[in-house]
Amino acid sequence: MSPIYLALRELNYRWKSGLVFGLIVAAVTGVLAYFSINDAGFQKEIGRNVRDIGSNVVILPSDVDQYAYHLAGGYSEITMTSNLVSQLIEHRASLNHLIPMLERRAMCATGDHQSIGRVVGISASIAMPDRPKSPMQRSISIGELQLGSELARKLGVARDTKAEVTIAGESFQVQRVNRASGTWQDSAAFIDLKSAQNLFQLPERISRIEAIECTSEQCEASGLQSSVILNNEIAKITDEASFLRKEGMAEARLSVRSVSRENFLILQNVLWVFLALTLLGLAMLNSLGRKPEIGVLQAVGYGRWRVASLFLVRSMLLSAIGAAVGISVGMAASIEQANRLFVMTGQKVSLDWNAAATIGGVAFILAVLGSCVPALLAAGEDPAHLIGKDS
Amino acid sequence: MDKVSPLLVVNNLGHVFSNRGREVRVFEGCSFEIDPAQFVAVQGASGSGKTTLLLACGGMLAPSLGGIRFQGSDLFSLSSTQRTQMRAIAIGYLFQTLELVPYLDLTSNVRIATGVSKTVANQWLGRLGLGDRVRSYPGELSHGQRQRVALARAIAHKPALVIADEPTGNLDKRNSELVFGVLREYAQDGGAVLMATHETSAVTFTDLVIDIENLDLTRAKDR
């Protein structure tokens, strides 16, 4: 009589116990799958929020007097070569979202208004080749301009109206008036970097590069502080530039990321331990509770492995079905929830087949071990020690 | 006429088990032989070690003292796998606690013994008065009926030795005689039977009675 037939008969007879086993496997694997998808969405959302806070590193020409720079509200007319951007990329500096800028104070005019504004030529953010990200700053079309809210007020340009602004004799179509940000950007006009370099006759020159540091892994590996790592990297590339780190912003960014990651790791580990203990416990209970049956099968000539195969088939079947149901429901619920909770990034959260395979695989192995090992051990005893023993 | 080689040789067997650190001697110095086609009963009071003796003879419990040879092999010198294979082919065991598999119908319960076809299983069940219950489950039967299913399982694969521990413990006189009759016939057909029983009427069916308390071997025909 085949072990599969016996296992199926047993499952049919003890369907309630099989159902409980399957449901518990489904519940635990479902929760794990839910949190693995949820964490991916959470990390995406955190990344987006942190990115939107803005750059936390500014690379300036080394000649800039930082006292004067800060005194002027973060403004300097000293420039450096725009090649530095390529050099940073080439040397895989621990940065991302590089935004080179060139700025000058210049007279901006509309038909009947004029005002000095901070005219900023800005490039689209440039991602490191091995760290592709959605752009933090999109490009501004040539001939167009984005106005800060206060400068727009000075120039008499209202939101959602068409206007033209002249800077140093060149006309730019207002693409949009930005919402007030509470920073110097409210008194600035943003144009394309190349246009600014032509406008101010400073080809291939930039005032600064804003960027986001990506040093957390190196900090963990080397134990060095982020500023030390960046200083060393930039010193190796050029002596024409130095960098400023916006400490509060940078630390907050690191902290949010690491706290969320560590929090999930703890949760994940707790769930894995729970999954392991639950499956091992359930499978062992089933095997130990059926000791007399093991004894009878041995008495009629079933060897250890043949006896264990009954329990193996049962666990394989139940854990496979339970895990398939649990993972499917957990992932579907997590994606549905991600769409509601993570408004901007929810759509990007998708099924994680690697996580599904890992969770399903581990659940399967644990269930098999939990049932097979006690059955094998019991089948190694003399049948007389098993017969007539209630669970 | 040549003497037939004994099927089972029990030599100076004894068993001791530990109960809360105290050694309990169940029996000792037990020696006997069973030939093919011989029906042997073991008698003795409760707790005298009948079940332990039968378990040892069935290769399911290693005795503390002495040895058992079955079909010429020292039963407990064999590996666990070899003993299992030997049980599968040559020994049929009826447990006092019956130990039927609750999720199998009667036919399948008999068929878990090695190499038993559905037809053979049903024939044995029919012979033991359960022909109309072959699709029933053990839970639907009385204790006496379950006892007969356990006997069918022990006997259906035609083992060289059938060991039956109290096979009529809960049966009425008519069914007890049916069971003893089946075992007697099995012995007449060439199979050996070793049975533990309290029933004195069993003596009329057996060839040899072993009083485990006095280790007295009495040939039934000498009575």
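How many residues of chain A are in contact with chain B, and how many of chain B with chain A? I'll start there, with the reminder that this is a predicted model. On the chain A side there are 21 residues, and they are in contact with 23 residues of chain B.

Where do those chain A residues come from? The largest share comes from H10(A), with six residues. If you sort the chain A side by class, you get nine nonpolar residues, seven polar and five charged.

Now one residue in particular, A:Val300. You'll find A:Val300 in the loop between H10 and helix H11 of chain A, H11 being residues 304-341. Is A:Val300 buried or exposed? A:Val300 is buried, because 25 other C-beta atoms lie within 10 Å, and the cut-off for buried is 20 or more.

Last, chain A as a whole. Its secondary structure comes to twelve helices and eleven strands. The chain has 391 residues, and 39% of them count as buried. On contacts within chain A, take the pairs at least 6 apart in sequence: 81% of those contacts join residues at least 24 apart.

To go back to the opening question, the count is 21 residues of chain A in contact with 23 of chain B, with H10(A) giving the largest share of the chain A side. That's what I have.

Terms used. Residues are numbered from 1 along each chain as its sequence is written. Chains are lettered from A and ligands numbered from 1 in the order in which they are written. This is a predicted model: local features need pLDDT of at least 70, side-chain atom pairs count only at pLDDT 80 or more; totals for chains, interfaces and linings use all residues. Two residues are in contact if their C-beta atoms, placed from the backbone, lie within 7 Å. Helices (H or I, at least four residues) and strands (E, at least two) are DSSP runs, numbered from the N terminus. Ala, Val, Leu, Ile, Met, Phe, Trp, Tyr, Cys and Pro count as nonpolar, Asp, Glu, Lys and Arg as charged, and the others, Gly among them, as polar. A residue is buried if 20 or more other C-beta atoms lie within 10 Å of its own, exposed if 12 or fewer, and partly exposed in between; C-beta atoms are placed from the backbone.
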